[in-house]
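Welcome! Take a moment to look over the sequence and the 3D view, and then follow this short tour.

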Amino acid sequence: MSSRREFIRTATFGVAAAAALPSLLRADPAASDATTPAPAGGKPSGLIDLHSHWFSPASVEILSKRATGPKFKVNDKGEKFLSRSGPESPGGGNFPLGAQWFDLDARVRHLDEEGVVHQLVSWPTTLGVDAAITAAEARELWAAYNTDLGGAVRKYSSHLSGVAALATADPEWSARELARAHDELGLIGGVLPANVFATLEGAKQLAPIFATAQKYKSHIYLHTGGGSPSIPGQPDWKHTDTAGPRGSLDNIYNFAAATITLAYSGFLDAYPDVTVQIAQLGGSGGIALVEELARAAAPRSKEPTAAKFRQIYLDTGAGGRGPEAIALAVRVFGADRIVFGTDYAPQASVAPVIDNIGQSPLTAAQRRAVFSESPRQLLAAKGVKLV
Amino acid sequence: MSTRREFLRSSVVAAAAAATLPSLLRADEKNGGKPAPVADAALTPGIRPLIDWHSHIVTPGELKYLAGRKTAPRVTTDAQGRQLFENVTTVSAVAREASPTSPSDIGRRIEHLAASGIQRQLLTYTVAIGYDATLPVEETRPFFRGLNDELAAVVRQHPDRFLGVAALPTADPAWAAEELTRAHRELGLIGGALPLNAFTSLEGARTLAPLFAAGQKLGSHFFIHRAPASATVPGQPPLIVPTDTAAVRWSAISNTHLLNGALTLGLTDFLDPYPDVSVQVIMLGGFLPYLIDSIIASGPRAGIRDPLASLRRIYLEPGPYSGSNPDWVAYTAAKFGADRILFGTDYGVGGGAATDRLGPSVAALDRVLTTQQRQLIYVDNTRALLKAKGLS
């Protein structure tokens, strides 16, 4: 979507879609008729995107020097890749890295064009680097990356915030690095691969990081992927057919398992001032089914959904970008728990997710909350002042 | 039931049965003739399901066999003379404290059917127990044969109320094919019940080719229920036994297993040679409704030209979600198509005088489904499925 006309078209479609869907699919059946197009002027503005990634210069340099995957490569055509040790990437393990992965000036121009006033930047844990390198390699790589990221958020302070990359192989070092990220780099928290939270046992290995996070009231971002093999309980799905759809299913399970640990197990009780953001709606809405089943099994539960998810935010992300999945998540968890996230960099444009939210059968107030108000309040609580 | 004429005759019998509802469910004469509030589901005018496609039965022979076993799965008798069922942990369920069990109360079940206005029920053994994975195949063969004889006897005794599918072992597909043939030709059953995890991968599903070849000749209906298959079937999911937050984690595990089974049956070429076989996956295929959008988007990249059409070869059936999570049934109807959903309740787990899931399930779905969706899910899909088998 790149024009006011296109946004109005999609917003109008949202109204039509809402009318066509059964009421239970609407995020707020009682208010669904209030779903409205964008206000006159069309194009949304003031959007805050909490899901984006970046390859910093130092990370490129370090990963270029590696003898084996994960290794940064440039082919004869000048195309850039991350060569990975696993086969999970399209192209036989070579993950393509377009210009948007590197160029912050172009990124900021793109954000301005699309009405995104601020973006949270993180390392893409999807690429599996943290799981594939030693603790020593991780310490060197993430320290360098975080220093670069700190420089980027200082340079583009009105547009960008950042969370530090942390080493799951060395939680003690990661706790110190998180403190440096807050004290010296101007970052607001850390990013970790979701799979290390698949069980309470695994999550407890990361207690040193969360103890520091509590002290700094950090924002911890759980993103796709696995961590160091030293963290127990990580899912290990193996498939011999229908890899694409089964991989999507794995992703749902992995995110749902991590969300269960954080929302249901009591792990976060010791860290009440930490906020946790989970990508892709906690697994494309799968966690919404899990929560509704839990509600049905214990209808008189003394712990309502809002209490369980008090510290947790789910971002729309690329995997959870379906308009109806967004509406379901809003219905189950509330619009104040769902935040706009585009997965920019792996996605070359933020526009598709803006479109999806525009088409989602939400009320105008819910859409405003997801696009702007919920992420704005979250960032404000972390000391990020937005104009 | 084997002919259209028999089906129509049994429908008339059902109508007569509805006319003789227990007094509890009739208009309360002591209350000025007003309908009794507890039975509102039964008395709500409108469409009622022809068949509950998801129910289980516990038989006397099943309990006798289990009582003879020294280790779980087994049945013991406590000091009060109660029979207690004890199971073992499998990839599909954790072993719990032994629980009371007894043969299913068929009379009570028929009362529940009559009260809810549902004509019939598909009977299956309790697949989720996982006999197929935990018993040696030398024992499974005679055990399942006896179970099928008992199930058929109930169907014969109440042909206007029940249909049945046979218990079949995945450890011995050749014998299972023979038993399926016997089930159709001698017992009057309409297909077989199989554990879902046999379909976790295409490789695993292909081990059942002899059984599905027989199913193709017979026009069988396969009821696919979450459960582990024999260890001889490759590609089954790993054992994940939650050490925390177990109830919620089992929900995620179970819905993941269900979708992997649905993907094998719906997206691979496994069913291509068996066009006359119908397949029913319970609990809406788990997370399937959530993944439909991304499957449609990514399918062509995986060489699947029309993923939704491919998936719609299978029937989805809600089982317990009908009563507990009717919203998900409506969501699935919108995403997958109401014309590929069968009504089901998961009635009868544990045997005995089962809790009535029928009326509450219908009432819950009535609240969220459109008239058109109910017409399809309650009536038309069943008619079409039976017609395809020459049954109506």
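## A buried glycine and its surroundings

B:Gly359 is buried, because 24 other C-beta atoms lie within 10 Å and 20 or more are enough to count as buried. Keep in mind as you read that this is a predicted model. B:Gly359 belongs to helix α15 of chain B, which covers residues 358-368. If you look for B:Ser254, you will find that it and B:Gly359 are 105 residues apart in sequence, with 26 Å between their C-alpha atoms.

## Helix pairs in chain B

A second pair to look for is α3(B) with α6(B). Here B:Gly61, B:Glu62 and B:Tyr65 of α3(B) meet B:Phe143, B:Gly146, B:Leu147 and B:Glu150 of α6(B). This contact divides into three nonpolar, two polar and two charged residues.

The table puts the geometry of both pairs side by side.

| Helix pair | Axes come within | Crossing angle |
|---|---|---|
| α4 (residues 106-116) of chain B and α15(B) | 8 Å | roughly 25 degrees |
| α3 (residues 60-67) of chain B and α6 (residues 137-157) of chain B | 8 Å | roughly 155 degrees |

The crossing of α4(B) and α15(B) is roughly 25 degrees, so α4(B) is roughly parallel to α15(B). With a crossing of roughly 155 degrees, α3(B) and α6(B) are therefore roughly antiparallel to each other.

## A sheet in chain A

Now turn to chain A, where three strands form an open sheet with parallel pairing, in the order β1-β5-β6. Which strands stand at the edges? They are β1 (47-53) and β6 (160-162) of chain A; each has a single partner strand, so one side of each is left without a neighbour in the sheet. From one strand to the next, the twist averages 25 degrees.

Five bridges join β1(A) to the parallel strand β5 of chain A, residues 116-122.

## Where the two chains touch

How many residues of chain B are in contact with chain A? There are 38, and they are in contact with 36 residues of chain A. On the chain B side, the elements that give two or more residues are α8 (202-206), α10 (246-267), α11 (288-298) and α14 (326-337). The largest share comes from α10(B), with 11 residues. By class, this side of chain B has 18 nonpolar, 14 polar and six charged residues.

## How confident is the prediction?

For chain A, the mean pLDDT is 87, and 85% of the residues reach 70 or more. Two stretches to view with care remain. Over residues 29-37 of chain A, pLDDT stays under 50, and the model has 22 contacts for them beyond four places in sequence. Residues 87-91 of chain A also have a pLDDT below 50, and this stretch has six contacts in the model beyond near neighbours in sequence.

Key:
Residues are numbered from 1 along each chain as its sequence is written. Chains are lettered from A and ligands numbered from 1 in the order in which they are written. This is a predicted model: local features need pLDDT of at least 70, side-chain atom pairs count only at pLDDT 80 or more; totals for chains, interfaces and linings use all residues. Two residues are in contact if their C-beta atoms, placed from the backbone, lie within 7 Å. Helices (H or I, at least four residues) and strands (E, at least two) are DSSP runs, numbered from the N terminus. Ala, Val, Leu, Ile, Met, Phe, Trp, Tyr, Cys and Pro count as nonpolar, Asp, Glu, Lys and Arg as charged, and the others, Gly among them, as polar. Two strands pair if DSSP finds at least two bridges between them. Axes are lines fitted to C-alpha atoms, for helices over the stretch in contact, and angles run from 0 to 180 degrees between N-to-C directions. A residue is buried if 20 or more other C-beta atoms lie within 10 Å of its own, exposed if 12 or fewer, and partly exposed in between; C-beta atoms are placed from the backbone. pLDDT is the predictor's confidence in each residue, from 0 to 100. Angles under 35 degrees count as roughly parallel, over 145 as roughly antiparallel, 65 to 115 as roughly perpendicular and the rest as oblique.
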